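Student: Please walk me through reading a model like this one, feature by feature.

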Amino acid sequence: VDPLNVADYERLAEQKLEPGPLAYFAGGADDEWTLRENVAAFRRLLLRPRVLVDVGSVSTATTVLGTDVSMPILVGPLAFQRLAHPDGETATARAAAAAGTIMGLSTIASAGPAEVAAAAPGAPRWFQLYCFRDAGVTQALVDQAVDNGYRAIALTVDAPVPANRERDLRTMFALPPEMRVPSIDAVVGSGPRPSPAEVFSLITPSITWRDLQELADRSPVPVIVKGVMTAEDALLACEHGAAAVVVSNHGGRQLDGVAATIDLLPEVVDTVGGRCEVLLDGGVRRGTDVAKALALGARAVLIGRAFLWGLAADGERGVSRVLELLRRELTTTLALLGCSSPVDVTAAHVARAPR
Ligand code: FNR
Ligand code: LAC
């Protein structure tokens with residue numbers, strides 16, 4: 001039978017990928033406690049359905065920062081997607097466009113903003129920003145994204161330095177020399193190809209709230225802060241010009257010991273109090289996970305490894321199938337919760353599991 005869920009795609013991807021890329025994709029920091037916790041924390045939340053509600057017509061459609069999307073499930077920015085499949089980010093872009101949702105393109109993608117835009121013209125996209133030490137390269141990338149119609153800049157703030165990722169050390173993972181990464185090529189020119197850890201050394205560890213404010217002041221598109229993990233920083237992000245925050249711990253790949261994102265979400269939502277949109281990523285593997293995030297106040301979620309497993313298993317078709325499976329799961333979940341739309345899901349639809 002065809003893969004029925006994200007876990008099926010994960011197993012297919014495990015069979016298909018070489019050990020180095022698999023370790024890079026699947027792995028997290030240190031003991032990978034946060035990596036596991038992102039998934040486990042969803043299982044500790046219980047759904048509270050309401051019955052005898054007319055759910056004859058259920059729609060997953062919503063808006064994120066004013067953009068219409070077919071579902072509150074966005075495609076997150078993941079680096080180096082040509083490690084998963086030769087079509088890389090262009091396949092992901094076509095699948096996201098066909099699904100009617102937004103794709104985030106990584107700064108260190110294996111296809112640049114213009115190439116990805118050309119692969120799926122007119123589709124809504126965001127550009128994820130890492131600031132290189134070379135400010136000229138950073139500005140050129142942002143300009144290319146804006147010129148190609150990217151609708152927001154998502155500044156990632158949880159990775160000022162590389163984390164300790166022991167799976168990568170064990171496989172001695174290095175980027176294959178034939179895989180080009182346009183942004184890195186722009187920084188290092190024809191010099192030796194950096195390892196993933198060395199890539200981080202090209203990125204400045206010194207940006208601060210003041211830089212966020214400057215970016216927001218001069219950006220022609222909204223700025224999103226990705227990687228907020230506390231109420232304090234969510235508030236600062238709002239005060240420094242962010243249009244949205246993504247509650248994210250980088251999929252457990254940066255600071256190990258941070259709480260699961262679904263457990264961090266309530267304090268951020270409470271504090272932000274509607275000043276900006278709150279999104280979440282980390283550990284989303286089922287439509288029920290999406291519903292739990294909506295219930296706790298997220299406008300939408302981003303998926304990472306879930307679509308990556310589809311890409312590795314079956315290219316564009318795999319990403320399309322994962323997006324379609326999650327959309328269907330969410331549709332069923334909404335109906336069974338007694339909700340006709342994502343905006344109908346409220347805090348009353350979840351409870352904590354007893355210990
Ligand atoms: C990422 N993530 C990431 N984030 C970012 O801002 N820029 C990037 O280049 C990358 N690259 C990247 C590569 C890989 C292989 C992974 C798994 C993740 C983090 C990503 O955007 C997102 O926060 C997490 O993937 C969410 O967790 P899940 O959905 O993978 O559990
Ligand atoms: C990672 C970086 C590239 O998580 O964001 O590997």
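Student: Where is the place of Ser-341?

Tutor: Start with the elements: helices (H or I, at least four residues) and strands (E, at least two) are DSSP runs, numbered from the N terminus. Ser-341 falls in the loop that joins α14 (305-337) to β12 (350-352). Some ground rules: residues are numbered from 1 along each chain as its sequence is written, while chains are lettered from A and ligands numbered from 1 in the order in which they are written. This is a predicted model, where local features need pLDDT of at least 70, side-chain atom pairs count only at pLDDT 80 or more, and totals for chains, interfaces and linings use all residues; side-chain values use heavy atoms, with hydrogens and water left out.

Student: Is Ser-341 buried or exposed?

Tutor: Buried means under 20% relative accessible area, exposed over 50%, and partly exposed in between (1.4 Å probe, protein chains only). Ser-341 has a relative accessible area of 17%, so it is buried.

Student: Which residues is Ser-341 in contact with, leaving aside its neighbours within four places in sequence?

Tutor: Contact means heavy atoms within 4.5 Å. With neighbours within four places set aside, Ser-341 is in contact with Ser-59 and Leu-334. There is also a pair to look at by C-alpha distance: Ser-341 and Ala-61 are 280 residues apart along the chain, yet their C-alpha atoms are separated by 7.1 Å.

Student: Let's move on to Thr-60. Which residues is Thr-60 in contact with?

Tutor: Beyond four places in sequence, its contacts are Ser-70, Met-71, Pro-72, Arg-327, Leu-330, Thr-331, Leu-334 and Pro-342. Thr-60 lies in the loop between β1 (45-47) and β2 (62-64), and it counts as buried because its relative accessible area is 5%.

Student: How do I read a polar contact there?

Tutor: It is a pair of N or O atoms within 3.5 Å; within protein, one must be able to donate a hydrogen and the other to accept it, and residues adjacent in sequence count only if both atoms are side-chain atoms. For Thr-60, a polar side-chain atom is 2.6 Å from the backbone oxygen of Ser-70.

Student: What lies 3.1 Å from a polar atom of the side chain of Asn-5?

Tutor: That is the backbone nitrogen of Ala-7. Asn-5 itself belongs to the segment before α1 (6-16). At 14% relative accessibility, Asn-5 is classed as buried. Outside four places in sequence, Asn-5 touches Arg-286, Leu-325 and Glu-329.

Student: Now a helix residue. Why does Leu-212 count as buried?

Tutor: Because the relative accessible area of Leu-212 is 4%. Leu-212 is part of helix α10 (residues 209-218), and beyond four places in sequence it touches Leu-155, Val-223, Val-225, Ala-237 and His-240.

Student: How many residues surround ligand 1?

Tutor: A residue is near a molecule if one of its heavy atoms lies within 4 Å of it. For ligand 1 there are 21, the closest being Pro-77, Ser-106, Thr-156, Asp-281 and Gly-283. Polar side-chain atoms come within 2.9 Å of a ligand 1 nitrogen at Lys-226 and 3.3 Å of a ligand 1 oxygen at Ser-248. A backbone N or O atom of Arg-305 lies 2.9 Å from an oxygen of ligand 1. Taken alone, ligand 1 exposes 610 Å², and the protein buries 99% of that; such areas use the Shrake-Rupley method with a 1.4 Å probe.

Student: Which residues surround ligand 2?

Tutor: They are Tyr-24, Ala-79, Ile-108, Tyr-130, Arg-165, Phe-200, His-250 and Arg-253. Polar side-chain atoms lie at these distances from an oxygen atom of ligand 2: 2.5 Å for Tyr-24, 2.6 Å for Tyr-130 and 2.8 Å for Arg-165. Ligand 2 taken alone exposes 210 Å², of which the protein buries 91%.
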